[in-house]
Amino acid sequence: MIPYAAFVFNGFFTPFMALTLDDVQRAAHLARIAVDNAEAETALTQLTRVFGLIEDMQAVDISGIEPMAHAQDLMLRLRDDVVTESDQRNLFQSVAPEVDAGLYLVPKVIE
Amino acid sequence: MSNATLQELSAQLAAKVCSSVELAQDFINKINGLNKDLGCYITVDAARTLAQAQAADARRAAGQAGPLTGAPLAHKDIFCAKGWLTTCGSKMLSNFVAPYDAHVVERCDAAGMVTLGKTNMDEFAMGSSNETSFFGPVRNPWNREMVPGGSSGGSAAAVAARLAPAATGTDTGGSIRQPAALTGICGLKPTYGLVSRYGMIAFASSLDQAGPMARTAEDLGLLLNVMVGHDARDSTSLQRPAEDYNRDLAKPLNGLRVGLPKEFFAAGLSADVQKAVESAVAEYKKLGATVVDISLPNMGLSVPVYYVLAPAEASSNLSRFDGVRYGHRAAEYTDLLDMYKRSRAEGFGAEVKRRILIGTYVLSHGYYDAYYIRAQKLRRLIAQDFAAAFKQCDVIMGPTSPTTAFRIGEKSSDPVQMYLSDIYTIAVNLAGLPGMSIPCGFDGSGLPVGLQIVGNYFDEARMLNVAHQYQLVTDWHQRAPKGVA
């Protein structure tokens with residue numbers, strides 16, 4: 001077991017907000033992943049540990065600092081508004097679970 | 001033949017000592033022998049490989065061969081390769097035959113390289129041990145009870161076991177460098193933006209970067225020369241004049257300032273790793289370098305920052321896997337919502353689900369500022385630490401991994417333990433800097449140790465020079481595990 005507490009963190013075992021099973025189930029719903037109760041319990045234990053790791057970020061003073069999304073300050077490149085792609089629908093749909101007449105088939109949404 | 005480096009193979013092919021077909025067949029035979037024990041490759045397709053080799057030989061006969069035409073190469077199974085099963089180590093894509101090539105694959109094909117197969121990896125590149133793959137773990141060729149590291153574990157093990165002279169890998173938090181260290185090979189993560197991510201299945205878009213893995217610094221440069229190039233289809237791909245990354249290999253190192261961050265040598269580092277890294281630094285002093293003590297004061301934040309940002313980006317990137325257009329779809333479902341939920345629950349493994357849940361939570365209403373935006377700000381602090389350090393030194397060195405290879409199963413029950421394997425590599429991805437690992441020794445039980453070299457933005461040519469000069473006076477990079485060619 002790596003004794004990383006000395007190197008990195010203090011307060012590792014004191015999460016500032018406790019995750020609940022509801023939080024896990026809500027995240028699972030947002031992420032569209034089915035999680036049964038047993039899995040949710042295991043996930044809760046593990047996620048609580050990971051959030052313990054993350055909590056040490058909270059103590060740092062970040063006033064006046066800009067968020068950094070990218071190492072280089074880049075402008076998003078623009079291109080001319082012309083069609084450059086060719087129709088490869090058959091090729092791309094050859095790997096689809098269910099297609100018909102060029103359409104992807106899914107269960108009906110509106111009853 | 002198969003113990004040769006990429007450079008040596010290039011010379012042998014040019015001198016017609018062997019043909020691409022003979023070379024490819026040699027590797028195919030060895031893969032058939034060893035792959036079932038090591039698990040390096042998920043997909044091998046001898047017919048496809050030999051067809052490419054024949055085309056390379058024809059190109060050479062027509063006088064149109066380049067330096068790497070006919071040279072064999074393994075691709076991490078994260079790169080879409082047209083006509084090849086491309087699984088990303090996941091059940092979710094276990095039936096996905098890519099209908100197009102990644103930019104990296106296009107460039108390697110254009111150079112005439114011959115694809116040996118698709119290598120095993122942690123599922124969706126999430127892992128540091130290659131134990132989360134749907135296709136089974138990869139075993140470290142130095143000791144088959146041990147992990148090779150991850151997520152590019154298959155690529156690393158294939159190169160170490162001489163089942164490929166070189167391989168492509170990807171690195172989001174250390175996934176090229178850490179497995180290179182644990183398997184005694186060389187791996188380089190370029191400056192963010194140099195290598196196109198088009199066709200490279202996305203994990204964390206602001207951190208992912210493809211790079212070469214091979215047995216020498218010179219070979220890394222040869223493959224990097226092929227992989228780097230602007231691609232309009234990747235909005236983060238940089239436009240820069242082409243360069244030969246091996247142009248400075250022969251430069252002497254007198255006057256090189258090597259920064260040693262004190263945070264890289266604190267508690268948590270194994271004694272054997274520390275000793276091997278310190279010996280390497282001593283060797284660099286003999287080569288003319290001076291050592292500068294530096295500090296990266298916000299290093300301790302890198303793991304928590306990463307485990308907010310990377311899962312957040314992953315939760316977004318992996319939302320495309322919904323069973324509609326490709327990949328796994330559940331066999332039974334009641335409605336569309338149920339189809340999404342079951343397909344994703346069945347298709348993703350536990351670590352991937354865990355990270356998606358973390359990412360979803362930190363991006364959700366009420367938590368976005370407290371977690372995601374805060375992490376992005378701390379990321380800037382970490383990058384600023386490196387910028388300050390590079391005013392005092394030319395390259396930064398330290399251990400790549402806090403330990404040597406660990407036992408399969410040893411860390412898989414506690415995710416946090418596994419995350420800490422990347423403690424020295426993660427900050428480099430957060431800052432977007434180039435980083436590499438080269439072998440620098442062994443621990444008491446014969447497991448490899450890696451030296452990490454971090455350079456300033458776009459300084460890959462200097463890093464390769466620094467690594468190459470060390471490899472001229474040491475032979476760690478030439479050692480082979482028992483039981484391979």
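Two strands count as paired when DSSP finds at least two bridges between them. Keep that in mind as you work through these exercises on a predicted model.

**Exercise 1. Strand 11 of chain B and its partners**

Find which residue is the bridge partner of Met436(B) in strand 11 of chain B, then work out which strands pair with strand 11 of chain B.

*Solution.* 

Step 1. Start with the one bridge: Met436(B) has Ile453(B) as its partner in strand 11 of chain B. Gly435(B) is bridged to Val454(B) of strand 11 of chain B.

Step 2. Strand 10 (residues 435-442) of chain B pairs with strand 11 of chain B through seven bridges, in the antiparallel sense.

Step 3. Look at how the chain gets from strand 10 to strand 11. The two strands of chain B form a hairpin with five residues between them, and Gly446(B) in the turn has a positive phi of about 85°.

Step 4. Look for another partner. Strand 9 (residues 395-399) of chain B also pairs with strand 11 of chain B, antiparallel, over five bridges. Here Gly398(B) sits opposite Gln452(B).

Step 5. Follow strand 10 of chain B to one more neighbour. Strand 5 (residues 186-189) of chain B runs antiparallel to strand 10 of chain B, and three bridges join them. Lys189(B) is the residue opposite Gly435(B).

**Exercise 2. Covered or open?**

Decide whether the faces of strand 11 of chain B are covered or open.

*Solution.* 

Step 1. Count first. In strand 11 (residues 448-455) of chain B, eight of the eight residues are buried.

Step 2. Sort the residues by side. In a regular strand, side chains alternate between the two faces of the sheet. One side of strand 11 of chain B has Pro448(B), Gly450(B), Gln452(B) and Val454(B); the other has Val449(B), Leu451(B), Ile453(B) and Gly455(B).

Step 3. Conclude. The residues on both sides are all buried, and both faces of strand 11 of chain B are covered. Strand 10 of chain B is mostly covered too, with seven of its eight residues buried.

**Exercise 3. Two helix pairs**

Describe how helix 2 of chain B crosses helix 3 of chain B, and how helix 9 of chain B packs with helix 12 of chain B.

*Solution.* 

Step 1. Get the angle and distance for the first pair. Helix 2 (residues 20-38) and helix 3 (residues 46-61) of chain B cross at roughly 155°, and their axes come within 8 Å.

Step 2. Classify the angle. Angles over 145 degrees count as roughly antiparallel, so helix 2 and helix 3 of chain B are roughly antiparallel to each other. Their crossing is right-handed.

Step 3. See who touches whom. The contact divides into seven nonpolar, four polar and one charged residues.

Step 4. Helix 9 and helix 12 of chain B have axes 9 Å apart and pack at about 130°. That makes helix 9 of chain B oblique to helix 12 of chain B, and the crossing is left-handed.

Step 5. Check the contact. Val305(B), Leu309(B) and Ala312(B) are among the residues from helix 9 of chain B, and Tyr372(B), Ala375(B) and Ile382(B) are among those from helix 12 of chain B. By class, this contact has nine nonpolar, one polar and one charged residues.

**Exercise 4. Where the chains meet**

Work out which helix of chain B supplies the largest share of the side that touches chain A.

*Solution.* 

Step 1. Size up the contact: 58 residues come from chain B and 48 residues from chain A.

Step 2. Helix 9, helix 10, helix 11, helix 12 and helix 13 of chain B each supply at least two residues.

Step 3. Helix 12 of chain B gives the largest share, ten residues.

Step 4. The side of chain B that touches chain A has 34 nonpolar, eleven polar and 13 charged residues.

Step 5. Meet the partner. Chain A has four helices and two strands, running α-α-α-α-β-β from the N terminus. Of the 111 residues in chain A, 18% are buried.

Note on methods: Residues are numbered from 1 along each chain as its sequence is written. Chains are lettered from A and ligands numbered from 1 in the order in which they are written. This is a predicted model: local features need pLDDT of at least 70, side-chain atom pairs count only at pLDDT 80 or more; totals for chains, interfaces and linings use all residues. A residue is buried if 20 or more other C-beta atoms lie within 10 Å of its own, exposed if 12 or fewer, and partly exposed in between; C-beta atoms are placed from the backbone. Axes are lines fitted to C-alpha atoms, for helices over the stretch in contact, and angles run from 0 to 180 degrees between N-to-C directions. Angles under 35 degrees count as roughly parallel, over 145 as roughly antiparallel, 65 to 115 as roughly perpendicular and the rest as oblique. A crossing is left-handed if the near helix is turned anticlockwise from the far one by less than a right angle, and right-handed if clockwise. Ala, Val, Leu, Ile, Met, Phe, Trp, Tyr, Cys and Pro count as nonpolar, Asp, Glu, Lys and Arg as charged, and the others, Gly among them, as polar. Two residues are in contact if their C-beta atoms, placed from the backbone, lie within 7 Å.
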